[in-house]
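Please open the model in your viewer and keep the sequence panel beside it.

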Amino acid sequence: MLIKQLRLSGFKSFVEPSTLRIEPGLTGVVGPNGCGKSNLLEAIRWVMGESSPKSMRSGGMEDVIFAGTATRPQRDFAEVQLSAETDEGDELEVIRRIERGAGSAYRVNGSDVRAKDVALTFADAATGAHSPALVSQGKIAQVIAAKPVERRQMLEEAAGIAGLHVRRKDAESKLRQTETNLSRLEDLMAGLD
Ligand code: ATP
């Protein structure tokens, strides 16, 4: 998957709608300390379905909404739009929006979807909010100190099989539900005898 463009509005320090085009080749983002470089990486992680406020350097998820400054009022919502091209050459547009008191909503190519669908889309493309391709400050030290289980997770993400784990969990929960239904049915049938 090739991320081609990022559009942010009301997200962290990006109060005005801002567009970042990622052209083929190497893209560098430079600027003084605190200008919002890490916020851009967090925007990518967030639109891919990040659910942990901690990995967004936030206390709660709504903290990603522009909090206001001495001269500008806070915003009521934050929105990030990611445009990408899939490995199959299809256009992919994902939008995540959070409103104060209303939580997050996702759209993929114009249709409302669940957070889980977004996570699966990116997991299948061997990327996503926890992809080892997104290296934030302090992450290298974390990788070195990682436990074997965490290292395995990183390798699985890189190998593109993380999506299979999500599907396996889904299948297991459906199987359990079916087993419960079957045993209920058996009880009912025994009552009919
Ligand atoms: P450094 O080079 O120091 O790592 P950086 O360019 O990566 O800095 P970020 O850490 O991305 O900068 O941005 C931090 C800035 O974002 C701070 O000025 C902080 O006040 C601002 N910021 C973070 N969350 C919000 C928010 N919800 N509302 C307004 N501003 C925010």
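**First stop: a pair of helices**

In this predicted model, begin by selecting helix α2 (residues 115-124) and helix α5 (residues 162-192), which pack at an angle of about 140°, with their axes 7 Å apart. Because angles over 145 degrees would count as roughly antiparallel and those of 65 to 115 as roughly perpendicular, α2 and α5 are described as oblique to each other. Next, show the residues that make the contact, which are Ala119, Leu120, Ala123 and Asp124 on the α2 side, and Ala162, Gly163 and Val166 on the α5 side. Coloured by residue class, this contact of α2 with α5 divides into five nonpolar residues, one polar and one charged.

**Second stop: around the ligand**

Now move to the ligand and select the 15 residues around it, of which Asn33, Lys37, Ser38, Asn39 and Ala67 come nearest. The shell around the ligand divides into five nonpolar, seven polar and three charged residues. An unreviewed UniProt entry places the feature "binding site" at Pro32, Asn33, Gly34, Cys35, Gly36, Lys37, Ser38 and Asn39.

Then select Lys37, a residue of helix α1, which is partly exposed, since 14 other C-beta atoms lie within 10 Å. To finish, display the contacts of Lys37 with Val29 and Gly31, a list that leaves out residues up to four places away in sequence.

Note on methods: Residues are numbered from 1 along each chain as its sequence is written. This is a predicted model: local features need pLDDT of at least 70, side-chain atom pairs count only at pLDDT 80 or more; totals for chains, interfaces and linings use all residues. A residue is near a molecule or strand if its C-beta atom, placed from the backbone, lies within 6 Å of it. Ala, Val, Leu, Ile, Met, Phe, Trp, Tyr, Cys and Pro count as nonpolar, Asp, Glu, Lys and Arg as charged, and the others, Gly among them, as polar. UniProt positions are given in the numbering used here, feature names are shortened, and annotations may be inferred rather than shown by experiment. Helices (H or I, at least four residues) and strands (E, at least two) are DSSP runs, numbered from the N terminus. A residue is buried if 20 or more other C-beta atoms lie within 10 Å of its own, exposed if 12 or fewer, and partly exposed in between; C-beta atoms are placed from the backbone. Two residues are in contact if their C-beta atoms, placed from the backbone, lie within 7 Å. Axes are lines fitted to C-alpha atoms, for helices over the stretch in contact, and angles run from 0 to 180 degrees between N-to-C directions. Angles under 35 degrees count as roughly parallel, over 145 as roughly antiparallel, 65 to 115 as roughly perpendicular and the rest as oblique.
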